[in-house]
Amino acid sequence: MTGLHVRRDGRSRPGARPLVLLHGWSCHGGFFAPQMTAFASRTLVLAPDLPGHGESAAFPAPTIEAAADALADLLDREDLSDVVLSGWSMGALVAWSLIARHGTARIARLVVEDMSPKVINTPDWPHGSLNGLDAARNLVFLRAIGSQWPRLAPATARRCFAADADPALVAWTEAEIRKADPLRLAAMWHSLTAQDFRPLMPRLDIPVTLAHGARSQLYSAETALWQAGQLPEARVLSFAASGHAPHLEESLAFNEMLGEQVFQ
């Protein structure tokens, strides 16, 4: 395989930045349907399936680094510049890795959707996953992904959203993530939980919007505030009715925020 499977719509237009959307772990680019619908008539929108996920499931080496390099290749092949890059959960890790490995020459704005630069909690880092995930618990979960994914999928889907989220949205999410290959999910989980992008924060030379779900079951508001305190140019935008996926739970408000980046 030479590249990522990419869901695309629209075309480049004067006065509008291209929009690239990066999905979360166990998901795929189809989770950005509300954004594709909203922006396709006004600009080029790309939503790649990241390695080990969706139609890129067979992509070699499902790691954050491989995803970042594949994304860099995609931007080069499309010759895109002035891009608005929006990373949801794992997608934010891929965005940070892209910047760390390839710089920001093609990126104008970054949106980080409900994510921590370091997922694993340690004695000196309380801003990882809200479930208290530490190295020991992560090893247990990592083994379970490969052997028990059908049993883990329902809880994983529920934790993507606020506790009282639309049951139809949760059910659709569960059905989609059940399709993922557990062994490739485990490989990517191993990679994503090894990442630590805290040192990158002060060096980011583009504006960053930190889109936090106020009812997230995965990351706290303090996680976003910590990042804002480290970044040269950042704002925190809280979505009051959302959990971990504001782009789905409050798609109209999320799209309004994206529009400010795309058409500014």
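**View 1. The largest pocket has a volume of about 500 Å³.** A pocket here is an open set of points on a 1 Å grid over the protein atoms alone, where a 1.4 Å probe fits, with protein on both sides within 12 Å along at least five of seven lines. Grid points are joined across faces, edges and corners, and the volume is the space filled by probe spheres set on the points. Lining residues have an atom within 4 Å of a point. There are 24 of them, and Phe141, Thr156, Arg159, Trp189 and Leu218 come closest to the centre of the largest pocket. This is a predicted model: local features need pLDDT of at least 70, side-chain atom pairs count only at pLDDT 80 or more, and totals for chains, interfaces and linings use all residues. Residues are numbered from 1 along each chain as its sequence is written, and side-chain values use heavy atoms, leaving out hydrogens and water.

**View 2. Helices in the lining of the largest pocket.** α4 (135–159) and α6 (182–192) each supply at least two lining residues. The largest share, six residues, comes from α4. Helices are DSSP runs of H or I of at least four residues, strands are runs of E of at least two, and both are numbered from the N terminus. By class, the lining has 15 nonpolar, seven polar and two charged residues. Ala, Val, Leu, Ile, Met, Phe, Trp, Tyr, Cys and Pro count as nonpolar; Asp, Glu, Lys and Arg count as charged; the others, Gly among them, count as polar.

**View 3. The second largest pocket has a volume of about 160 Å³.** Its lining holds 14 residues, with His28, His53, Gly54, Lys179 and Ala180 the closest to the centre.

**View 4. Strand β6 (residues 208–213) is mostly covered.** Val208, Leu210 and His212 point one way. Thr209, Ala211 and Gly213 point the other way.

**View 5. The neighbours of β6 are β5 and β7.** Strands pair if DSSP finds at least two bridges between them. Strand β5 (residues 107–113) pairs with β6 in the parallel sense over four bridges. Glu113 has Ala211 of β6 as its bridge partner. Strand β7 (residues 234–239) also runs parallel to β6, joined by six bridges. Here Val208 stands opposite Ala234 of β7. From β6 the chain crosses through helix α7 (residues 221–230) to β7, in a right-handed β-α-β crossover. Right-handed means that, with the strands pointing away from the viewer, the path from the first strand over the helix to the second runs clockwise.

**View 6. His127 sits in the loop between β5 and α4.** His127 is buried, with a relative accessible area of 16%. Leaving out residues up to four places away in sequence, His127 touches Ser116, Lys118, Asn121, Tyr219, Glu222, Thr223 and Trp226. Contact means heavy atoms within 4.5 Å.

**View 7. Strand β2 (residues 19–22) is covered on both faces.** Leu19 and Leu21 lie on one side, Val20 and Leu22 on the other, and all are buried. Strand β3 (residues 45–48) runs parallel to β2, joined by two bridges. Val20 stands opposite Leu46 of β3. With helix α1 (residues 33–39), β2 and β3 make a right-handed β-α-β unit. Strand β4 (residues 83–88) pairs with β2 in the parallel sense over four bridges, and Ser86 of β4 stands opposite Leu21.

How values were computed: Buried means under 20% relative accessible area, exposed over 50%, partly exposed in between (1.4 Å probe, protein chains only).
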